[in-house]
Amino acid sequence: MNTAPARNLDRSSATAAPFDVESVRADFPILSRTVHGKPLAFLDSGASAQKPRAVIDAVSRCYEAEYANIHRGVYELSARSTEAYEGARARVQRFVNARSANEIVFTKGATEAINLVATSWGGVFLGEGDEVVLSVLEHHANIVPWQLLRERTGIVLKVVPTNERGDFLVDAYEALVGPRTRLVALTHVSNALGTVTPVDEIVRIARERGALVLLDGAQGIVHYPVDVQAMDVDFYCFSGHKLYGPSGIGVLYGRQALLAAMPPYQGGGDMIERVTFERTTFAPPPARFEAGTPPIAAAVGLHAAIDYVASFDPAAVAAHENDLLTYATERLTAHNDIRLYGTVPGKASIISFTMDDVHPHDIGTILDLAGVAVRVGHHCAQPLMDHFDIAGTVRASFGLYNTRADVDRLIDGLDEVREIFG
Ligand code: PLP
């Protein structure tokens with residue numbers, strides 16, 4: 001495993017160190033199993049990544065040796081568990097370079113983080129006629145919470161369009177951000193196409209008009225170093241399970257002053273200062289937003305996942321993932337019955353395609369029988385599918401552990417599809 005003490009934003013200038021994918025693969029026990037009698041070619045990390053031994057062991061160790069409920073206990077185990085949970089928060093803070101651990105709120109995932117912002121911040125600071133700018137590239141998780149808020153408050157949603165390549169159109173965005181825009185809520189990386197949005201320009205334009213910026217980093221943080229201060233975003237969110245960590249935990253980063261001004265999202269234990277039947281006062285952030293017993297073991301697992309990811313040279317990871325993307329693109333486009341969706345240069349290692357006259361679900365089923373796991377369908381991005389006038393695509397998404405051999409298996413599987421449907 002390579003070591004990279006600091007993650008840095010500028011991947012392009014770094015020299016790629018050798019990346020030993022076979023040793024990475026050995027870290028992931030599930031990759032040695034078979035599916036339908038075939039070795040597993042797992043090409044669905046964009047939906048949820050597999051877990052390295054370090055994460056599995058950290059979660060097991062938590063339950064075997066250190067588990068108790070946190071914060072309220074006076075006994076040793078509870079103190080240890082609290083330390084582990086808060087240690088995970090501090091690890092996330094360093095990973096995204098937040099100013100303070102108090103800016104890190106644990107949620108169930110990216111979806112809950114966006115719902116939290118829409119409900120709590122949006123519910124108080126947005127009113128009728130205020131505008132939120134989204135894009136057609138968004139996952140439903142960054143569309144529906146704003147529609148729910150629109151029903152409650154009468155806000156207006158503006159949607160940045162895209163083109164045939166799946167670009168984020170900066171000019172169209174600039175034209176949509178107006179004096180009533182209070183927030184731009186945009187994806188960092190499109191889960192369906194791999195398009196990387198131009199964060200610098202997004203933030204510059206929002207700032208010029210006095211709007212806040214929320215970035216949905218569910219896909220972005222997996223492929224790119226994230227520095228919330230350098231990016232100058234107000235909110236950034238992601239899910240642990242896509243970052244090689246456990247499911248059931250995610251992160252909302254929010255600027256301290258914003259979080260401090262936001263009301264609770266849910267009520268219950270651990271988020272209060274003092275409760276009487278007449279009146280309750282609330283704990284400061286982040287506890288204010290973490291009602292009830294949190295996902296303690298999942299936080300410990302997320303800590304281990306971040307340590308794991310951060311142990312690689314980001315430039316080497318980028319080179320590895322780009323190689324897979326380039327190779328898969330070349331092999332897929334050698335067939336003229338394949339149509340790619342999302343062809344913006346510099347995109348992340350996510351490749352979406354359709355095959356003439358074969359439904360994506362049929363392709364996915366045949367690939368599964370060949371041991372190749374891909375995602376098929378609308379990828380929770382129905383407006384984007386509508387833009388392309390398709391019901392869905394086949395999506396292969398690459399992670400640390402994928403190889404060119406996995407791509408070859410995909411291509412061979414597509415030959416089987418052609419034989420069956422040909
Ligand atoms: N945003 C993007 C871009 C995603 O890809 C996903 C999941 O696929 C989500 C949000 C929602 O993540 P989760 O289901 O982990 O909350």
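Asp130 is buried in this predicted model, with a relative accessibility of 7%. Its side chain meets that of Arg180 in a salt bridge, 2.9 Å from N to O. Arg180 counts as partly exposed because its relative accessibility is 36%.

The structure holds 25 salt bridges. Three of them are listed here.

| Salt bridge | N to O distance |
|---|---|
| Arg180 and Asp130 | 2.9 Å |
| Arg89 and Glu290 | 2.7 Å |
| Asp234 and Arg255 | 2.6 Å |

Arg89 and Glu290 pair through their side chains. Arg89 is buried at 3% relative accessibility, and Glu290 is buried at 7%.

Asp234 forms a salt bridge with Arg255. Asp234 is in the loop between helix 9 (228-231) and strand 9 (235-239), and Arg255 is in the loop between strand 10 (250-254) and helix 10 (256-261), so the pair ties together parts 21 residues apart in sequence. Asp234 has a relative accessible area of 3% and is therefore buried. Through salt bridges with shared partners, Asp234 and Arg255 join Arg207 and Asp232 in one network.

Methods: Residues are numbered from 1 along each chain as its sequence is written. This is a predicted model: local features need pLDDT of at least 70, side-chain atom pairs count only at pLDDT 80 or more; totals for chains, interfaces and linings use all residues. Side-chain values use heavy atoms; hydrogens and water are left out. A salt bridge is a side-chain nitrogen of Lys or Arg within 4 Å of a carboxyl oxygen of Asp or Glu. Buried means under 20% relative accessible area, exposed over 50%, partly exposed in between (1.4 Å probe, protein chains only). Helices (H or I, at least four residues) and strands (E, at least two) are DSSP runs, numbered from the N terminus.
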